[in-house]
Number of protein chains: 2
Amino acid sequence: MATGRTHRPATRSRGIPEATVARLPLYLRALTALSERSVPTVSSEELATAAGVNSAKLRKDFSYLGSYGTRGVGYDVEYLVYQISRELGLTQDWPVVIVGIGNLGAALANYGGFASRGFRVAALIDADPAMAGKPVAGIPVQHTDELEKIITDNGVSIGVIATPAGAAQQVCDRLVAAGITSILNFAPTVLSVPDGVDVRKVDLSIELQILAFHEQRKAGEEASAPEEAAGAVPPPPVAPHRARPGAPGAPGAPGADSGRQGPDGDVPAVMPA
Amino acid sequence: MATGRTHRPATRSRGIPEATVARLPLYLRALTALSERSVPTVSSEELATAAGVNSAKLRKDFSYLGSYGTRGVGYDVEYLVYQISRELGLTQDWPVVIVGIGNLGAALANYGGFASRGFRVAALIDADPAMAGKPVAGIPVQHTDELEKIITDNGVSIGVIATPAGAAQQVCDRLVAAGITSILNFAPTVLSVPDGVDVRKVDLSIELQILAFHEQRKAGEEASAPEEAAGAVPPPPVAPHRARPGAPGAPGAPGADSGRQGPDGDVPAVMPA
DNA sequence: ATGTCTTTGTGAACGCGTGCACAAAGATGG
DNA sequence: CCATCTTTGTGCACGCGTTCACAAAGACAT
């Protein structure tokens, strides 16, 4: 999963647990597929399999929405599609703006999954004057100067940030000041926002790093049990206290030291992102 | 957050909780920034603020890695960067393949955050013969036919799927058969994989839907407390049992029925994604 | 109408993650 | 060497999320 939330941690949303809310789109997608195949009803078991969860969880999730099933039969597909759509707020139109029309921003603008769920790309915004007027995904890019006007004119409340990390916080501040209350952030930065503004984060490199962790673990344990071989045991944590200028106690940190290498013999590679 | 894991749910990874693992990249990023500014040490409080978490959580997370801090002083930045990098497996080189070079795939290929963390884009793969040979981000796209060969020749263990939903499972199966054991999936589908293969999912439209849910809630509660006004109360769940052909008890499902509309008077808008 | 069979809805137990609060460790100054 | 002050590391309690397991509800056949 590619998410981290900066939500109001405590406030339970109208009794529907956050974890359940996060799964509703999953159920909705599975139900929509069934609906297209004109399947009238599904059991919790079938639907759970299609959504990739276990059936007890699914039933409990649905129980927060109400008693929409029929015992002995299952759930009416069309009815449930509607109920979940309504609960998620997809029965209304959500204009969104995308800020930062680079490779990623352009890809997002072209992404079909947005428009198909009631999300309408109201505007594309970029700081580069050379981009202004140029159409991306059929929508002309507008300059950052117009940001506030665009948001208020279109009544936009959801913003997508796809700028470089350095510009993200500044863009975020302007979005919030202009009235945006929900932000989907693709820039690799921690955004700080006032209370009442929701931020969700999608970080591509973090996902890969998590995979790498597990991958390393797999590789390590298949090479027999006590794989403490290639530099797995850290040097004893001797008093660090500013170990910078080649101090004797300095552990093999990357860059300065030679020795320490991965099994493949490559440099540690740590850089901004 | 944009993630859902299809991990082995029970198996705790060498004592490091999954939630902690997911935060390590966050800490690493903050630490790297400090390192670039040549800051020698940080307190848990400072680092926690930079990473957007609370300091107790950060200290507990680090305690799973070992006792790398110095009481009264804080953490040595360089040392910690190295330790976290090593724990995440970033001290070695991870070749990855990206399958599906559409808008999103191309954006991923160009994304700097990959290369900068030890992830090397070993190959770009697409099913379209017209794409073959065309360079994207300086790397020539190769045809799907080469998939197995590319993976085995380069010893790739991490694959990124950026294909349309329809092709994802098939691509996934081929990747797994070829030896891939970690998959980052951008296609809006549930992938089924054998045990031992990790899948992480990044779903752009799901993130927006979650935001929409909270957004709707905000809008609803600011319009005074008992906002049960515009169609919030569902019709009583009368026995559905295949209520399809205009049966009398059929609730206001979208498409068939008229009535039932959002406050904005728009159609429910539910489609594939 | 009655019985059987299927499937939902949920009470209860369990486990993980979070946050508090404090004791221990060590640095720093006298 | 001792006192003070800062900051880590962690024991503990709490709450959320997951899963089990089963009673209740209803469909369906007879």
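Me: Which residues are linked with A:D198 in a network of salt bridges?

Reply: B:E215 and B:K218 are linked with A:D198 in that network. A salt bridge is a side-chain nitrogen of Lys or Arg within 4 Å of a carboxyl oxygen of Asp or Glu. This is a predicted model, in which local features need pLDDT of at least 70, side-chain atom pairs count only at pLDDT 80 or more, and totals for chains, interfaces and linings use all residues. Side-chain values use heavy atoms, without hydrogens and water, residues are numbered from 1 along each chain as its sequence is written, and chains are lettered from A and ligands numbered from 1 in the order in which they are written.

Me: What makes B:R29 and A:D203 a salt bridge?

Reply: Their side chains meet at 2.7 Å, N to O. The cut-off is 4 Å, so the pair qualifies.

Me: Why does this pair join two chains?

Reply: B:R29 lies in helix α1 of chain B, and A:D203 in the loop between β11 (198–201) and α9 (204–222) of chain A, so the pair joins two chains. Helices (H or I, at least four residues) and strands (E, at least two) are DSSP runs, numbered from the N terminus.

Me: Are B:R29 and A:D203 buried or exposed?

Reply: Both B:R29 and A:D203 are buried. Buried means under 20% relative accessible area, exposed over 50%, and partly exposed in between (1.4 Å probe, protein chains only).

Me: Why is B:K149 called partly exposed, and why is B:D153 called exposed?

Reply: B:K149 has 48% relative accessibility, so it counts as partly exposed. B:D153 has 53%, so it counts as exposed. The side chains of B:K149 and B:D153 meet in a salt bridge (2.7 Å, N to O). They are 4 residues apart in helix α7 (residues 147–154) of chain B, so about one helical turn separates them.

Me: How many residues surround DNA strand C?

Reply: There are 26, and A:S44, A:Y75, B:R23, B:K57 and B:R71 are the closest. Near means that one of a residue's heavy atoms lies within 4 Å of the strand.
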